[in-house]
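Subject: Structure handover and findings

Hi,

Here is the structure for your files. My notes follow below it.

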Amino acid sequence: SDSVTTCLSPPVHYVICKLGFEKKDTYDINNILSENGEVCWQAVTEHVCYLESDQSVDYIKSIRSLGPVCESVNLHFKSLTKEQFVIQYALWFRWTNYTELFLEMFDVLQHTQTAEVALGLMKLTSCLERALGDVYLLIGKDCPFLLRDLLASEQLAVIFGQAVMNVLRVFIGSPYGLNLRNVLWHGFASPQEIPAKYCAMLLFLTAGLGQLLQAYLLQTKCILVHRPYVIFVSLEELDVFPGKYLTISKFLLCYIYLNHETLSIAEELVKLSSFVLKTMLPFWIAALTAFKQSRYADCVILLLPQLEVGLRLLFTTMNKCPNRLLTAEVKFLSKMLAKHLDNEEVNQLPAVLEEPAMASEFLWDFLNHQEGPRIRDRLSHGEINLEAFPREVANQIVAFAITLLCRFSDEDLFAFKEHMVIKPLMNCASCYRSRFHPISRLRKQVLECMKSINLWPELPTVPEEHIQTIKGLEGNAEASTLILVICEIISQLQQYMPWNCCSSDDPINSVLTERLLIELCDMRICTLYSPRPVLEILVVLRKISTQCHQVSEQVIASTELRYKQWMDKTLRSRQRHNYLRMLNSMKFLSPVLRLILVLITLELVNVHLVCKKNPFDYQQYLKFLKSVLQYTENLVTYTSPEKNKWDETMELTNKALMKIRKISDRKLMLMQLAT
C-alpha cells in the first residue's frame with residue numbers, strides 16, 4: 001500500500017487535478033453574478049463546449065473553460081463573511097430541504113482542510129441528487145435511481161433547461177466529465193486530489209438552480225414536495241458488535257475509557273495496517289475523529305469509500321491485476337465479492353476474507369441485500385437524514401473496519417489483536433452470519449409465524465358443550481380425517497428431520513413444534529453466491545410463509561372479536577353458527593399451518609440441492625410449491641373477516657394435503673434428494 005500514490009488512472013487524474021488549471025485567466029465574478037445576487041446562467045452555460053460531430057458535450061474543453069470560473073467563485077466565497085453568505089444565498093438553498101448543509105459548506109471552504117472539503121462534496125452531491133429527484137417528480141413519475149440518468153432526463157431539462165443540465169453534467173453524473181461524486185463515493189480520490197474550487201462551484205450552481213426553480217414554480221403554480229427520508233427500523237437486527245466497546249456514555253467512566261482506548265488503538269492500526277493506502281490516511285483519521293465527536297453520518301460517509309478501496313487493494317493483489325486498482329475499474333463491491341472474475345476464473349478475495357466468509361456476508365448484509373440497510377446506497381443518494389443518522393449503525397461500520405485493520409496487519413501487531421477491547425470485536429466478526437439474505441429472512445419469517453400460531457391455544461373460546469348444542473353444525477368428522485392425513489405425512493417426513501421426537505400418541509404436537517423449527521433454522525446454510533434457481537425457490541417459500549402468518553393473524557383477530565360478541569350476546573344466529581364453524585376449523589388449521597412451516601423449513605435447509613434437479617423436475621417442483629402457495633392465498637381469502645368461509649377451508653385443505661402426500665410419495669422434495 002505504500003507504493004500506491006494515486007487510485008486515479010492517468011486520464012482521470014489529468015481531468016480532475018490539471019485540466020481545470022490550464023487556463024490562467026482571471027475571471028470576473030460579476031460576469032456570472034448580478035448585482036442583486038442572481039446567477040447569470042447564460043454566462044455560465046457559454047463555457048460549455050460541444051463536439052462538432054454530434055453536438056454532445058465536449059467535456060475536456062468545457063472543464064478547461066470552466067476552470068477560471070470555478071476559481072473566481074471560490075475566491076468570491078472566501079471574500080464574504082458568514083453573515084454576508086447567509087443573507088445572499090440561504091434563501092436559494094431552501095429547495096434542497098437541507099439549507100444547513102449548504103451553509104456549513106461555506107465554513108469548510110474557508111479552512112480548506114482537504115478531507116473536510118472531500119466530505120463536504122460527498123454530502124453536497126448526495127443532497128443535491130435527492131433534491132433534483134424531488135424536482136423531477138414535479139412532472140415525472142418514477143425517479144431514476146442513477147444520478148447520470150437523472151441529470152440526462154427530459155423532465156429536468158424542461159424545468160431547468162438543457163444548457164443548465166449540461167453544466168451540472170460537467171461536474172457530476174457523467175464518466176466523461178469530472179465525475180466528482182463517483183470518484184469520491186467509490187474511494188478513488190485521495191483528499192488532496194479534489195480541488196476546493198469545484199466544491200465551491202457546485203455550491204454556487206445549487207443556489208442558481210434554486211433561483212431557476214423558484215421562477216418555474218411561480219409560473220406553473222406547482223408546489224415542490226420533498227420525499228420523506230428513509231428511517232432505519234429494527235436497529236437491533238444491525239447489532240453485531242458489542243456496543244459498549246465504542247459507545248461514549250455520560251454515566252459510566254469505564255465505558256468512556258474503553259471507547260477512547262478502542263479508538264486510540266484504531267488510530268494506531270490505521271497507520272500500520274496494510275489495508276490502508278497511505279494517501280487515504282487523512283480520511284481514516286477524519287472518520288475516527290467524527291465518531292468521537294458524535295458526527296455519525298460523517299464518520300460512515302468517510303469510512304465506506306475507504307472500506308471499498310481497501311478491499312479493492314486486496315482484490316487486485318490476490319487476483320494479480322494491479323491495473324484494476326485505478327479509476328473506472330471494480331466500482332461496485334458486489335463485483336469484488338462475486339464468485340468469479342470477468343474471465344470466469346475464481347475470485348480470490350472472498351477466500352482471503354476467511355471462512356465463514358464473515359467480511360463478505362457483513363458487506364452484503366449492510367450494503368447490498370435489498371432488505372438490509374443498504375447504507376451506502378441510501379447515504380450516497382441522499383435518502384437519509386444526516387442529522388438523525390443512528391449511532392448504532394455507525395458503531396457497526398467502525399467496529400467492522402477495526403476488524404479488517406487488524407486482520408490485514410503484520411504479525412508483529414499480534415498484541416493489538418489480543419488487546420482486551422479489540423479481541424471481543426474479532427470474536428464477534430468471526431462468527432457473523434448473514435441477517436438480510438433471503439435465506440435469513442425466511443428463517444425469521446418462519447419462527448415469527450410459528451410464534452403466532454402458538455398463541456391459538458391461549459385464545460378465549462366458548463365451552464365445548466356450546467358447540468355441541470348447535471344443531472346442523474357438521475365437520476368434526478372431516479376435521480378428524482384431515483388430522484389423520486397430517487399424521488401420515490408427518491410419518492413420511494420424519495426420517496428427514498434432525499432428530500426423532502415423534503410420540504405415537506400425539507405426532508402433531510410432538511413433531512410440529514417451535515423447537516424443531518429453531519433447530520432447523522440454526523443449521524448453517526450457505527448464503528453467498530446463491531444461484532438463480534435457489535433464489536426463485538426462496539421467493540415462493542417466503543410468499544408461502546407470509547400467507548401462513550396472515551392466516552394466523554386473521555384467525556386470532558376473528559376469534560377475539562367473535563368471543564367478545566358472543567359474551568356480549570350481540571351475535572345473530574347465523575353469526576353464532578359461523579363462529580362455531582371457525583372454532584371447529586381451527587382444530588385442523590393449526591396443524592396444517594405448522595406442517596407447512598416445517599415442510600418449507602426442511603426444504604430451506606436443503607435449498608441448494610435444487611440445482612441438482614433437471615429442468616423438467618425443477619419445473620414440476622416449482623409447480624408444486626406454487627400450488628401450496630395458491631392454497632395459502634386461498635386460506636387468507638376464506639379466513640378474512642369479509643369472507644368467513646370456514647367450511648370451504650376443509651375442502652381446500654384436503655386437496656392441498658393430497659398434493660403434499662403425492663409429491664412426498666414421488667420423492668420430489670429437496671429433503672428427499674439429500675438422502
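First, a term: buried means under 20% relative accessible area, exposed means over 50%, and partly exposed lies in between (1.4 Å probe, protein chains only). This is a predicted model, where local features need pLDDT of at least 70, side-chain atom pairs count only at pLDDT 80 or more, and totals for chains, interfaces and linings use all residues. Residues are numbered from 1 along each chain as its sequence is written, and side-chain values use heavy atoms, with hydrogens and water left out.

**Overall**

The chain has 31 helices and zero strands. Both are DSSP runs numbered from the N terminus: H or I of at least four residues for helices, E of at least two for strands. Of the 675 residues in the chain, 56% are buried. The accessible surface comes to about 29,700 Å². Carbon and sulfur atoms hold 53% of that surface. Areas come from the Shrake-Rupley method with a 1.4 Å probe; for residues, only the protein chains shown count as cover.

Contact means heavy atoms within 4.5 Å. Take the contacts with a separation of 6 or more: 74% of them join residues 24 or more positions apart.

**Cores**

A nonpolar core is a set of buried Ala, Val, Leu, Ile, Met, Phe, Trp, Tyr and Cys residues joined through side-chain atoms within 4.5 Å. The largest one has 151 residues. F171, I375 and F389 have the most contacts inside it. Helix α11 (residues 196-220) gives the most to this core, with 14 residues. The core also draws at least three residues from each of domain 1 (10-220) and domain 2 (240-247 + 255-431). Those bounds come from an automatic or database domain assignment.

What does F389 touch? Leaving out residues up to four places away in sequence, its partners are F232, Y296, A297, V300, I375, L379, I384 and A394. A second, separate core has 77 residues, among them L538, L599, Y618 and L657.

**Helix α26**

In helix α26 (residues 514-521), the buried residues are L516, L517, L520 and C521. They sit on the same side of α26, because they cover an arc of only 130° around the axis. The arc is taken over the directions from the helix axis to the C-beta atoms. Their cover includes α22 (438-453), α25 (507-511) and α28 (573-605).

**Salt bridges**

The criterion is a side-chain nitrogen of Lys or Arg within 4 Å of a carboxyl oxygen of Asp or Glu. The count is 21. Three pairs are worked through here.

- E268 and K271 form a salt bridge at 3.9 Å, N to O. Both lie in helix α12 (residues 253-272), three residues apart, about one turn of the helix. E268 is partly exposed at 38% relative accessibility. K271 is partly exposed at 44%.
- E371 and R441 form a salt bridge at 4.0 Å, N to O. E371 lies in the loop between α17 (358-368) and α18 (375-380) and R441 in helix α22, so the pair ties together parts 70 residues apart in sequence. E371 is partly exposed, at 40% relative accessible area. R441 is buried, at 11%.
- K564 and D568 form a salt bridge at 3.1 Å, N to O. K564 is exposed at 53%, and D568 is partly exposed at 45%.

Shared partners also link salt bridges of K123, R295 and D298 into one network.

Best wishes
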